[in-house]
Amino acid sequence: MVNLIWLLMLAIGIVVAALNGHIESVTTSAMKAAELGVEVAIELIGVMSLWLGLMRLAEEAGLVKGIARIFGPAIRRLFPSLKPDSKALGAIIMNLSANILGLGNAATPFGLKAMQELQKENPTPDVASPAMITFLALNTSCITLIPATIIGVRLKANSVNPTEIIGTTIVATGCAMFMAILVDYLIRRRRKL
Amino acid sequence: MNIIAEISRWAIPLLLLLVPIVAYFRRVPVYESFVEGAEEGFKTGVRILPFLIGMLVAIRVFVDSGALNILSHWLRPLINMLGLDPDFAAIIPLAIMRPLSGSGALGVATQLINEYGPDSYIGRLASTLQGSTDTTFFVLTVYFGSVGIKKYRYALKLGLLADIIGLIASVWIVTKVFY
C-alpha cells in the first residue's frame, strides 16, 4: 500500500506539473526535498543524541524502570503482547509524555527508541508487530495540551483570543485517540493477536 | 491552562538537571554514559535518512505540482452532497495535507488563518485541525523504516481512521463551541 501511495504521489505530481506547463518545477521540488531530508536528519541527529544520552543516564540510574512501574500498569493494558520486563515501556511512556507536553523534538527520539525496543521483541522482523501498531496509533493521535505552534500563528494574525482553540483541539484529539485505541483493540481481538 | 504552559516551559530544564544529579548519586559514570547513549542518536539519524528523503521528495513533487488543488476541487461536490457549509471546502487541502507533511500542513493552516482571519469559522477549524492530528503517513513510514519493517499490516488504515475521526470531531466541536 505504501509503495502504491508513494508511486501515485510522484506520478500524479509529475503529470499534473506537465499539464500545468511547469514541468521544470518537478526538478526543483525533488532536489529541494532531498536536501531538506538531509537537513531534517542532521538536525534530528543533534536532538536525538541529546535525548538518547539523557535516556541512557535515566536508564542506568533506574529512573526509567521507576517511571515504567508507576505508569506501566495503565499503558501495559494496551500492549498485552509486551514482555513483563520490556524496555520498550519506558520509551513509550517518555514519547507519549513528550507528545502531551507538546515537546515535539523530544518525542521523536523516544519514539524511535521505542520502535527499536519493540523490534527486539518482534518475532517477525519485517512485519509490524501488534504492539508497534498500537504504539504508532497512540503516538499519531496523541493529545497535546498546548498546541504552541498554531497559537503562535493565531497570535501573529491578530486573533482576539489566540488560545481559545485549546479546548476544541483537546476534545478533537481525545475523540481521535479514543477511537484509535478502541478500533485497535477490536482488531486485535478479532484477529486474536 | 497557565499551569500546563509552565510545566511545558520547565519540563526540559528540570529533566536536564534532575536526571544527571540522580544518576550521579547512584554511582553512574554520568558523562561516559551520556556519550554512550548519544552515539545511538547518530546511527538512528543516518538510518532514517533514506526514508525521510524518499517521502519528502514524493510529497513535495505532489504538492508543488498543484495536484492538491485539483484533488480538493474534485472533492467539493462531496461537501455539497453532505450538506455542509460551502466555506468548508477551504479546509480540504489542509485535511489532505495533514497526514502527509507537518511543515506543509502548517503552511496551509497559516495561509487559511491569515486569509479568513483567526477568529473566523475556517480560522478556528484550521487551528483545531492542525493541533489535533499528526503527520500519520510520514510518521509511519519513517518509524517503521528505521527498524526495517516492510509490512505495515493494518497500521496505516488505523492511523488514517484516527485522522478522519479527528477531522469529523474538529468540525463537530468547533461548530458546537463557537456557533
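How much helix and how much strand does the chain have over residues 45-63 of chain B, and how far apart are the end C-alpha atoms? The chain there is 100% helix and 0% strand, with the end C-alpha atoms 25 Å apart. The legends below describe close-up views of a predicted model.

View 1. An unreviewed UniProt entry assigns the annotation "transmembrane region" to residues 7-25, 45-63 and 154-174 of chain B. Residues 7-25 of chain B are 100% helix and 0% strand, and their end C-alpha atoms lie 25 Å apart. For residues 45-63 of chain B, the values are 100% helix, 0% strand and 25 Å between the end C-alpha atoms.

View 2. Chain A contains eight helices and zero strands, in the sequence order α-α-α-α-α-α-α-α. Its C-alpha atoms fill a box of roughly 60 × 50 × 35 Å along the principal axes. Of the 193 residues of chain A, 51% count as buried. The annotation "domain: Nucleoside transporter/FeoB GTPase Gate", taken from an unreviewed UniProt entry, covers residues 42-151 of chain A. Over that stretch of chain A the chain is 71% helix and 0% strand, and the end C-alpha atoms are 27 Å apart.

**View 3. The largest pocket.** About 1,400 Å³ of space lies in this pocket. Its lining comprises 44 residues, and those closest to its centre are G104(A), T108(A), G102(B), D134(B) and T135(B). By class, the lining of the largest pocket divides into 22 nonpolar, 19 polar and three charged residues. Domain 1 (1-61) and domain 2 (62-193) of chain A each contribute at least three residues to this lining.

**View 4. The second largest pocket.** The volume here is about 1,000 Å³. Of the 32 residues lining the second largest pocket, L71(B), L75(B), A95(B), I96(B) and P99(B) lie nearest its centre. At least two lining residues come from each of α1 (2-19) of chain A and α3 (67-81), α4 (92-97) and α8 (155-178) of chain B. The largest share, seven residues, belongs to α3(B). The lining of the second largest pocket has 29 nonpolar, one polar and two charged residues.

**View 5. The largest cavity.** The structure holds one cavity of 30 Å³ or more. The volume of the largest cavity is about 60 Å³. A33(A) and L36(A) line the largest cavity together with L56(B), I59(B), R60(B), S101(B) and S103(B). The elements giving two or more residues to this lining are α2 (24-60) of chain A and α2 (30-64) of chain B. With three residues, α2(B) supplies the largest share. The lining of the largest cavity is made up of four nonpolar, two polar and one charged residues.

**View 6. The largest nonpolar core.** This core has 114 residues, of which I92(A), M115(A), L118(A), F135(A), I91(B), L94(B) and F144(B) touch the most other members. Its largest share, eleven residues, comes from α2(A). The core lies between domain 1 (1-61) and domain 2 (62-193) of chain A, because both domains give residues to it.

Notes
Residues numbered from 1 in each chain as written. Chains lettered and ligands numbered in written order. Predicted model: local features only at pLDDT ≥ 70, side-chain atom pairs only at ≥ 80, totals over all residues. Heavy atoms only, no water. 1 Å grid on protein atoms, 1.4 Å probe; cavity = no way out; pocket = protein on both sides within 12 Å on 5 of 7 lines; lining within 4 Å. Points joined across faces, edges and corners; volume = space filled by probe spheres on them. Helix = DSSP H or I, 4+ residues; strand = E, 2+ residues; numbered from the N terminus. Nonpolar A, V, L, I, M, F, W, Y, C, P; charged D, E, K, R; others polar. UniProt positions renumbered as here; feature names shortened; annotations may be inferred. Domains from an automatic or database assignment. Core = buried A, V, L, I, M, F, W, Y, C linked by side-chain atoms within 4.5 Å. Buried < 20%, exposed > 50% of the residue type's maximum accessible area, 1.4 Å probe, protein only.
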